[in-house]
Structure formats: C-alpha cells, structure tokens
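Trainee: Could we go through this chain together, one question at a time?
Mentor: Gladly, let us have a look.

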Amino acid sequence: MPGSFFHSKLLATSTTRCDDALPPPPPPGEAPPPPPPKDSIAEAAASTTLYSNPGPYEMAAMDGKRLVQLDTFDGFRCDINKQLSPYMAVVHSFLLGTTSLPDRTSTYSFVTQVADEQGILMTRVDPGRGSVDGRVHRAVLGGLAMAKLQLGLSPDGQQDQALAELDFGGLTWTGNLKYGSMAGAIVYGCNYLQSITPQLQMGGEGMYIAANQSLISNYTLKYTIPASTGDETSALPGVAKGPERKGSSMMCVNYNTAQNALSLNYKRVVTPNRVTLGAELQCSPLTLESQVLLGAEFKLHRSRFAICVDGGLRTQSILEAKLGVAPGSPTLNFSADVDHLNDAMRFGYGITIEG
C-alpha cells in the first residue's frame, strides 16, 4: 500500500550502517561550533511593531466618517494653491453663486501656511465676514510633545475664541490637554487613546465648561479586522505600498453623554486604493431615533468618485478628475446633493489649480 511504501522508504533512508564512515571528531581542547545565531534584531523589530501609536483621539473615527460626510457645494468653486517656497504655501478660495451661506451668495478666503521640522503656522482670512483664524503648532520638550494654539477673531467679538492644547504620547497611547475660552466661556478638556491589542483601541474625552459648570464626555472603541477575503494580497499596477496595501475592516463606536447619542462607523477596504465602502449608524438610546448613512469611494488612475446615501434617500456625490498626467495638473470637481423626498437639489462645479 502507499502508506507502507513511504514508511519503508523512511526507515531505509534513516538507517545507519556500521561500515559507513563516521565524521571526524573535533580536535581535543576545542568546543563544537555554536549554532547559527538567530536574527534577534528582526525579531525585536517584529515584536515592537505589533502595537502602534493610535494617533490623535479626534482622528479615531475619521477613516469611516469621511466616506459618509462629503464636502458637497453648489455654485462655482475655485481653489488656487501656490507653493511659494519649500516651507511656505498660500491658497486662494473662491465660492460664487452658492446658497449654502445664510447672508451672502459669494465668498473669498485667503490661507497661508509656513511649515518646517518643528511645526506649522497657518492663518485664514475672510474679508467678507471680517474674521481671522490662526493656528500655531510647535514641537516642545525635544519633540516629545506638540504645543498647539488656536485663535479666532470676529468683528463683533461674540465668536472670539482662544484654545491652547498640548499633545503627548508614547508607543501605544496618545493624550491631550486643553485650556481656553470659547464664546466667552472658560473650558478645560483632556482626552486619552490607548492601544489595548494590535487591533483594539479604547479612549475617552472630557470637557468642563466653567460658565454653566457642565461636564461633557464621550467614549470611543475602535477595532480593526484584517480581511480574509477580497483583493488584499493582489499587487495592482500603480497601487502605492502604504498602510492600506491589504484589505481590512474598521469599526468605531462612540458614545456622547451630552447629546445622549451613540454612533457606529464601519469602513471596508475592498480593493486597496481602489474601492472603499463605509457606513454610519446614529441612534439615541432613550428615544430610539436613528439614522443610517451608506458611502462608497472609487479611485481610478486620474479620478475619484464618492457617493453617500442616507435613510431618507438623500444622495450626495463628488467627482474629481485630473486634467493631465503631469504633477500639479488642474483638477476638475463636480458636486451634487439631491433630496428626492423634499424636492431639493443642489449642483456645483469647480476647479483646483496647483502652482
């Protein structure tokens, strides 16, 4: 039988004959050679990369939310990005013929940003509204922490705000402290996000408003599932080897105590850098009111299409297409927001010019 044949072959090959030549013994006084050393550096690197820094707490659910919260617009929008130097860039933004603004149909804003190895400085000026927003991010304590300052000035002073933050963290966790004034009220805040396992992250955020002595808190649970199906192992031409080189799924649960709202975000990478699906479920545990949103993103060689549909059949979509193959080619944008039940439709087109 086949099993007996292989068994007999194994015995025949493992039998040692008495007349076979024995290997020479090691010279006297010398120890046998040690076994080959293991790649301890590779093993240590593999063990340390099992856990990764979870990133800022505010960005925990953004991977899923960006698929169901599209930046739609109506009218005509033009963004001109100009790189003045390796450290400085400016952006001119125009929006004409829009109905999304309550008091005007057009707007213009100017943004300038200066960045280096230690941080960034950014300013946004809106001449029509007379408001100025500024951000300063600087590395402190030798790069162990990041200090942030956010300022907002308005003509009437009712919406002025100043917020100072300090970001810090380690290999498996991140933390943040906040202090400032928003709309005339002193606020204190903090958040913390911890990697429990390579797939599980947990964290929470709290904010105290001194004006009415109220405490606002929310809690987040994020879980990443490596996909066992789909196109997670294929090497498509033109696909960058990045964090999404394999298909994966992400679920993020957030509970806000102030609004008594529970939200669940789901993201599925079907084809890396090609097809991504997303969903969001929002509900109130007390009133049982809920809302569902479904989103999808498709990336081609020189274009990107994103669509989102909610439970009321409201459809939002964005189409971006490159007008050339050279780096910095202009991008043509189309936007649509259609609410069939309320008979409301908004359409827009625009262009983004890189310089």
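Mentor: Strand S11 gives the nonpolar patch its largest share, 3 residues. Before you ask more, note that this is a predicted model, where local features need pLDDT of at least 70, side-chain atom pairs count only at pLDDT 80 or more, and totals for chains, interfaces and linings use all residues. Residues are numbered from 1 along each chain as its sequence is written, and side-chain values use heavy atoms, leaving out hydrogens and water.

Trainee: How many strands are in the chain?
Mentor: Strands here are DSSP runs of E with at least two residues, and helices are runs of H or I with at least four, numbered from the N terminus. Besides 3 helices, the chain holds 19 strands.

Trainee: Which strand holds leucine 294?
Mentor: Strands S11, S12, S13 and S15 each supply at least two residues of the nonpolar patch. Leucine 294 lies in strand S15.

Trainee: How many bridges join S18 to S19?
Mentor: Two strands pair if DSSP finds at least two bridges between them. Strand S18 (residues 331-339) runs antiparallel to S19, and the number of bridges is 9.

Trainee: What is the bridge partner of aspartate 337 in S19?
Mentor: S18 and S19 form a hairpin with 4 residues between the strands. For aspartate 337, the partner in S19 is arginine 346.

Trainee: Which residue in S19 stands opposite glycine 75?
Mentor: Strand S1 (residues 75-83) pairs with S19 (residues 344-354) in the parallel sense over 7 bridges. Opposite glycine 75 stands glycine 348.
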